[in-house]
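Please examine the sequence and the structure shown below. The paragraphs that follow lead from single residues to the fold and the surface.

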Amino acid sequence: MTSEEQKHQRNILRSYLSRYRKAKNRVNKLRRRREDFIEDMKYPLGAQSYSGLPRSSAPNDGAATYVFRLCEIEERIIEQEKNANSIMLQIMDIMDFLPEDSESRCVMEMKYIDGQSEKQIMAAQFYSSRTTVAKYISAGLDELLTYKKIQSIISRYEKKMEDINYECSW
């Protein structure tokens with residue numbers, strides 16, 4: 001494998017492993033959206049005081065629409081949490097290919113499962129620089145890419161991403 005192909009494979013594997021962080025971010029975004037929606041329900045924009053007489057004869061969904069929208073958001077949160085958990089298990093299965101006591105595995109788990117930044121990893125493991133952390137990650141990625149199963153997983157992932165990008169280009 002040439003260095004360009006290896007670099008390309010590493011980037012695909014990085015993207016595959018980063019899916020859990022992205023899924024957790026989506027869950028957090030939906031939770032914030034739910035909290036904002038609940039806050040809006042307390043103090044809706046343009047709320048007017050009630051008088052005894054109706055102002056128009058137009059049909060109004062009323063408060064029921066808020067309840068339906070809130071349920072919809074909560075269903076999406078549950079769905080995204082299930083998706084995030086599934087992705088985490090897939091990533092943990094990939095990490096099992098690395099020796100349990102290796103520094104590369106430790107650093108990669110901190111990055112791709114725990115969602116820590118290079119700075120946080122450096123502080124937790126007392127590494128001297130980001131370069132050291134990057135070397136451990138690169139070494140772990142290269143070791144993972146030696147396994148046929150990992151290559152198969154990322155080639156399916158790459159094909160799936162190409163299909164998605166093709167569909168989005170329309």
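Is Cys-71 buried, partly exposed or exposed? In this predicted model, Cys-71 is partly exposed, because its relative accessible area of 36% falls between the limits of 20% and 50%. Cys-106 also belongs to the partly exposed class, with a relative accessible area of 26%. A search for disulfides across the whole structure returns zero. A disulfide is a covalent bond between the sulfur atoms of two cysteines.

The fold itself can be described next. Seven helices and zero strands are assigned to the protein chain, and the order of elements from the N terminus is α-α-α-α-α-α-α. Of the 170 residues in the protein chain, 26% are buried.

Helix α2 spans residues 19-42 and contains Lys-22; Ala-23 lies in helix α2 as well. The accessibility of these two residues may be set side by side. Lys-22 has a relative accessibility of 39% and therefore counts as partly exposed. Ala-23, by contrast, has a relative accessible area of 0% and is therefore buried, since buried means under 20%. Ala-23 also takes part in a contact across the sequence: 60 residues separate Ala-23 from Asn-83 along the chain, while their C-alpha atoms are 7.2 Å apart in space.

The surface remains to be considered. Lys-22 contributes to a positive surface patch, together with Arg-21, Arg-26, Lys-29, Arg-32 and Arg-33.

Terms used: Residues are numbered from 1 along each chain as its sequence is written. This is a predicted model: local features need pLDDT of at least 70, side-chain atom pairs count only at pLDDT 80 or more; totals for chains, interfaces and linings use all residues. Side-chain values use heavy atoms; hydrogens and water are left out. A disulfide is a pair of cysteine sulfur atoms within 2.5 Å. Buried means under 20% relative accessible area, exposed over 50%, partly exposed in between (1.4 Å probe, protein chains only). Patches are made of residues with over 30% relative accessible area and no salt bridge: like charges are joined within 9 Å, nonpolar side chains (Val, Leu, Ile, Met, Phe, Trp, Tyr) within 5 Å. Accessible areas come from the Shrake-Rupley method with a 1.4 Å probe; for residues, only the protein chains shown count as cover. A salt bridge is a side-chain nitrogen of Lys or Arg within 4 Å of a carboxyl oxygen of Asp or Glu. Lys and Arg count as positive and Asp and Glu as negative; His and the chain ends are not counted. The place of a charge is taken as NZ of Lys, CZ of Arg, CG of Asp or CD of Glu. Helices (H or I, at least four residues) and strands (E, at least two) are DSSP runs, numbered from the N terminus.
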